[in-house]
Every structure is written in structure tokens, then in C-alpha cells.
Amino acid sequence: MNQQLSIKFLNSISLHIKREDLIHPIVSGNKFRKLKYNLIQAKAENKETLLTFGGAFSNHIAAVAFAGKEQGFKTIGIIRGNELREKILENPTLQFAQDCGMQFEFVSREEYRHKTEASFLEKLKHEFGDFYLVPEGGTNELAIKGCEEILTKEDAQFDFVCCAVGTGGTISGIINSILAHQKVLGFPALKGDFLNNEIRNFARNENWELITDYHFGGYGKVNPELIAFINQFYVDNKVPLDPIYTAKMVFGVMDLIQKNYFPENSKILLIHTGGIQGIAGMNLKLKSKKLPIIDFNEMSINEKLIANTNEDMRPERKRTGEAITYDR
């Protein structure tokens, strides 16, 4: 669903946001897209266990845990940071994933850097047995295939498609599905130029650009200006933004509009990639530092969703906002 934003600009620019965050209350946005074909493949290979990687407040960890539970897989999360072992109950994301049945293996940050090396993966197979590997952030060829389904025929009207960038999978799928007159702008949520090469591994055309000025200090970093922007955006548009990815992208686009980056009469589509579950954890960090918090009333929704995971999830349900079904 594309929602037009009511913001008026002097240069007649129109702004819409694709509400990928509404696909599913937990496995929302790009996480749904990335997992779709990976779960189908895992079933085709008769795998019983999904193993993946993530950090303290990882949307990906929460999504894999929930989707795995619904699809009948055991799930294992390799979590960055040994110190988190004793803090699961203080971490809304890890507590949620554990409630979904995910088994954790906590590793040091040094060990975590070796997560893609063959020797490290062999060690995991020796410890946990056979599993289907879902990469950190979910990005692989099957994830790109899923993200190529984000844009639809109705999106042909837009001149620019903008999205946040983490591992490069979502933007690669979007790049592969745009039309000749369109350009994709990616807004990395972390520092570094390495993402250009990661994206080129998957992208099939050159109609894209990374805008690297809006990471707010790096992955997971926020400041009072960004928090105020998130809160005001919700008041104005009734659209919740996650502080790690989508909020930084939307902030960047709005700033570029004010700086006349876009031609007059441009039609811009923003991709909301979900991630709302991470707000509870972010607010805990903000409160501990005595900083303003994200204050739209989304936390009560998260709490209800966490409680609902203890209910019986009937496999015959189709995807209606309660359960998730990936059809072959």
C-alpha cells in the first residue's frame, strides 16, 4: 500500500511511502521479503533448523524466530556480544525471540567477525548438526528475489525510489525491478563505502546511488534531532518510523528536498522496511541516557504482539496480519 504524505513542498514534489511495515506485525517489511524464498528453500531441502546471526536488537533475529515458529522450524541465533548472555530479560528483542523458541549462542565480537568463514561455519555444524543457513540480515540470492517483489505496476509513476540500506539486499532487489526512467537512492544506516561493492554483487543495472550523509554516526546511533523528527512525523502522518533504518532515510529525503536535490515535480516513493519491534529496545537505551524517547503509542502494540506469540498459531491460517504463510 502506498500512502501519500500530506507535506507540501514549494517545488511541487509529491511524496508517497510504501507501507511494507504493514505486511505482518512481526515479520514485516524487508524481513518478510527476504525470508519468503529462503523458507521455501529450507522446506525443499527438508531442513528442520534455521541458523542465523544478529545483534542485540536485530529485527532479523526477531523475524527468523517468529517465522521459524510458525513454519515449524527450530531456530538458532548466533548473537554478537557475550555480555548479552545474562541480559536476555532486559532486552525486548532477545526475550521475544526466546519466547518464540529460538536457541541462542552468544559469541564475542571478535568471533562474530568470522561468521562467514568456512571454518567457523563447520564449527557450528559440529555443535548444532544440520541446519539451513540464513545470512546476517537475510541477504542472499533468494532474499534478492523476494525483494524484487516490493515494487508493483502502480509504482511506475515514480521518478525516485528511496530506501534504507543495511546489508544491501533490499536495495539490490529494488534496483533489479525498477524501470528505465527511475532511479533508486539508498541511505546507508552505517558508515563505510563497502556497501557499493556488496550491492554490485546483486544489482543488474546502474540506476542507483548511495547517499551516505544520514547515518547519524553509524549503525544504531541516534540523536535528539532524529528522535524529534520521528515523533513529529508520526503526529503529522500517523506513520511510525523505526530509528535504525527508515527514519534516517526519510529524514535524508526531506533534507534533500529542502536543498533542491530533486528536480521540480518529482514523484518520490519511500520504502518503509518495517523494524518497529526495535523501538522498545531503543527506548530503553534512550531512557538510560536520560534522552528523549520515541513516544508514539506503538509500544502497547508490541506488547500485545509478544503476548500473542504464546497462543496457538494454526498452520492453516493464511497471511492476514495474524499468521504468515509462504506459498510455493
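**Reading burial, cores and rings in a predicted model**

Biologist: How does Y261 count: buried, exposed or partly exposed?

Modeller: Y261 counts as partly exposed because its relative accessibility is 31%, which falls between the cut-offs of 20% for buried and 50% for exposed. Please bear in mind that this is a predicted model.

Biologist: What is the relative accessible area of F262?

Modeller: The value for F262 is 4%, so this residue is buried.

Biologist: How many aromatic pairs does the structure hold, and which residues do ring pairs link into a cluster?

Modeller: There are twelve aromatic pairs in the structure. The cluster consists of F187, Y214, F216, F229, F233 and F251, linked by ring pairs.

Biologist: Which residues does F262 touch, leaving out those up to four places away in sequence?

Modeller: F262 touches N11, I13, F160, L185, V253, L256, I257 and I268.

Biologist: Which residues touch the most other members of the largest nonpolar core?

Modeller: The general idea is that nonpolar side chains tend to be buried together in soluble globular proteins. Here the largest nonpolar core has 40 residues, and those touching the most other members are L15, F187, L241, V253, F262, I268 and L270. Two or more residues of this core come from each of β2 (14-18), β7 (160-165), β8 (183-188), α9 (224-237), α10 (246-258), β10 (267-271) and α11 (279-288). Helix α10 gives the largest share, eight residues. Another core, of 29 residues, lies apart from this one; A42, L50, A67 and M102 are among its members.

Biologist: Where is the place of S14, and is S14 buried or exposed?

Modeller: S14 belongs to strand β2. With a relative accessible area of 17%, S14 is buried, because the cut-off for that word is under 20%. Beyond residues up to four places away in sequence, S14 touches Q4, S266, K267 and I268.

Biologist: Which helix holds A63, and what is its relative accessible area?

Modeller: A63 lies in helix α2, residues 59-71, and is buried at a relative accessible area of 1%. Its contacts, leaving aside neighbours within four places in sequence, are V27, K31 and L35. Residues can be separated along the chain and yet meet in the fold: A63 and K31 are 32 residues apart along the chain, while 6.5 Å separates their C-alpha atoms.

Biologist: Which residues are buried in helix α3?

Modeller: In α3, residues 92-99, the buried residues are P92, T93, L94, F96 and A97. At the start of this helix, a side-chain oxygen of N91 comes to within 3.0 Å of the backbone nitrogen of T93. Just after α3, G101 has a positive phi of about 100 degrees.

Biologist: Over which ring does the charged end of K145 sit?

Modeller: The charged end of K145 sits over the ring of Y37, at 4.3 Å from its centre. Likewise, R80 lies over the face of Y112, 5.1 Å from the ring centre.

Biologist: What pLDDT does the chain average, and over which residues is the pLDDT below 50?

Modeller: The chain averages a pLDDT of 89, and 90% of the residues score at least 70. The pLDDT is below 50 over residues 298-328, a stretch with 56 contacts in the model beyond near neighbours in sequence.

Technical notes
Residues are numbered from 1 along each chain as its sequence is written. This is a predicted model: local features need pLDDT of at least 70, side-chain atom pairs count only at pLDDT 80 or more; totals for chains, interfaces and linings use all residues. Side-chain values use heavy atoms; hydrogens and water are left out. A nonpolar core is a set of buried Ala, Val, Leu, Ile, Met, Phe, Trp, Tyr and Cys residues joined through side-chain atoms within 4.5 Å. Buried means under 20% relative accessible area, exposed over 50%, partly exposed in between (1.4 Å probe, protein chains only). Helices (H or I, at least four residues) and strands (E, at least two) are DSSP runs, numbered from the N terminus. Contact means heavy atoms within 4.5 Å. pLDDT is the predictor's confidence in each residue, from 0 to 100. Rings of Phe, Tyr and Trp (its six-membered ring) pair if their centres lie within 6.5 Å; planes under 30 degrees apart count as stacked, over 60 as edge-to-face and the rest as tilted. A charge sits over a ring if NZ of Lys or CZ of Arg is within 6 Å of the ring centre and within 35 degrees of the ring normal. A polar contact is a pair of N or O atoms within 3.5 Å; within protein, one must be able to donate a hydrogen and the other to accept it, and residues adjacent in sequence count only if both atoms are side-chain atoms.
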